[in-house]
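Open the model in your viewer and keep the sequence panel beside it. This tour says what to select at each stop and what is there.

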Amino acid sequence: MPIIAPSILSADFLNLGRDIEMVNNSEADWFHLDVMDGRYVPNISYGMSIIAQMKKKATKTFDVHLMIVEPEKYFEEFKKAGTDILTIHYEASTHLHRSLQAIKALGMKAGVALNPHTPVQVLEHIIQEVDLVLIMSVNPGFGGQKFIPQALDKVRALKQMINAAGSNTLIEVDGGVTLENAPQLVAAGTDALVAGNTVFSAPDPVEMIKKLKQVGK
Ligand code: DX5
Ligand code: ZN
């Protein structure tokens, strides 16, 4: 069964407490939290103070996706805010190896995100150091975009790389995930599905999470 990570970017921020409770009481596994700085991506979302507030109510793993330049400046603050898995973008990290070590030294799992144009092969010599690879299946910055199907080939190639290295790195797919493309993604080797619009625009989000959880069963 895939790990399901509802993306809070699509939640109702006027009723954030209610939406957090909904995820708590659903079959979801993680909270996916998107941090955007208006520089790395053309949008600004929320930061560590909101995440720390959410942590008081949320009962599941915090999967934080940093879409910011110079992410290494903020590792400690995101740890303090309650982050369990901290994912940084390959394209925003000059010294990726050092950054991954720093994230792990703070007691978090370390993830690397790849934009749609970035080949998975760039991680070949570092895959054993990576706890999670996040394959972007839309251009980062906004929820509710259309899935880019080439992400499937990237998942397959990444799965092969992980197996060949004997690593237990997880594969997460983020962007445009629906009940239609989820079965193919899981069959290709995806471990964790992020879903924003699909969950929060559903008439019954708890039921939608349940359906996503059943994919591939
Ligand atoms: C986009 C974010 C995603 C987004 C996914 O930059 O990284 O996590 O919230 O939303 P959907 O599932 O609606 O594409
Ligand atoms: Zn994300």
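**Stop 1: the ligand shell**

Select ligand 1 and the residues around it: the shell divides into eight nonpolar, 10 polar and two charged residues. Here Ala, Val, Leu, Ile, Met, Phe, Trp, Tyr, Cys and Pro count as nonpolar, Asp, Glu, Lys and Arg as charged, and the others, Gly among them, as polar.

Before you go on, note that this is a predicted model, where local features need pLDDT of at least 70, side-chain atom pairs count only at pLDDT 80 or more, and totals for chains, interfaces and linings use all residues. Residues are numbered from 1 along each chain as its sequence is written, chains are lettered from A and ligands numbered from 1 in the order in which they are written, and side-chain values use heavy atoms, with hydrogens and water left out.

How many residues surround ligand 1? There are 20, and the closest are S7, G141, G144, D174 and G196. A residue is near a molecule or strand if one of its heavy atoms lies within 4 Å of it.

**Stop 2: contacts to the ligand**

Show S7 first. One of its polar side-chain atoms lies 2.8 Å from an oxygen atom of ligand 1. An N or O atom in the H32 side chain is 3.3 Å from an oxygen atom of ligand 1. Then pick N197. Here a backbone N or O atom lies 2.9 Å from an oxygen atom of ligand 1.

Taken alone, ligand 1 exposes 380 Å², and the protein buries 100% of that. These accessible areas come from the Shrake-Rupley method with a 1.4 Å probe; for residues, only the protein chains shown count as cover.

**Stop 3: the pocket and its elements**

Stay with the ligand. The space taken by ligand 1 is the largest pocket. On a 1 Å grid over the protein atoms alone, a pocket is an open set of points with protein on both sides within 12 Å along at least five of seven lines. A molecule sits in a pocket if more than half of its atoms lie within 2 Å of its grid points.

Colour strand 2 (30–36), strand 3 (61–67) and strand 8 (192–195): these are the elements that give two or more residues to the shell around ligand 1. Which of them gives the largest share? Strand 2 does, with three residues. Helices (H or I, at least four residues) and strands (E, at least two) are DSSP runs, numbered from the N terminus.

**Stop 4: loops**

Select T118, in the loop between strand 5 (109–114) and strand 6 (132–136). Is T118 buried or exposed? T118 is buried, because its relative accessible area is 4%. Buried means under 20%, exposed over 50%, and partly exposed in between (1.4 Å probe, protein chains only). A polar contact of 2.5 Å joins the side chains of T118 and E91. Such a contact is a pair of N or O atoms within 3.5 Å; within protein, one must be able to donate a hydrogen and the other to accept it, and residues adjacent in sequence count only if both atoms are side-chain atoms.

Move to the loop between strand 3 and helix 3 (75–81), where E70 sits. Phi of E70 is near 45 degrees, a positive value in a residue other than glycine. E70 is partly exposed, at 37%. I68 lies in the loop between strand 3 and helix 3. I68 is buried, at 6%.

Next, select I148, in the loop between strand 6 and helix 5 (151–165). I148 counts as partly exposed, at 25%. Draw a distance to M136.

**Stop 5: helices**

Finish with I162, in helix 5. I162 is buried, at 2%. Then select P205, in helix 8 (residues 205–214). P205 counts as buried, at 19%.

Technical notes:
On a 1 Å grid over the protein atoms alone, a cavity is a set of points where a 1.4 Å probe fits but cannot get out, and a pocket is an open set with protein on both sides within 12 Å along at least five of seven lines; lining residues have an atom within 4 Å of a point.
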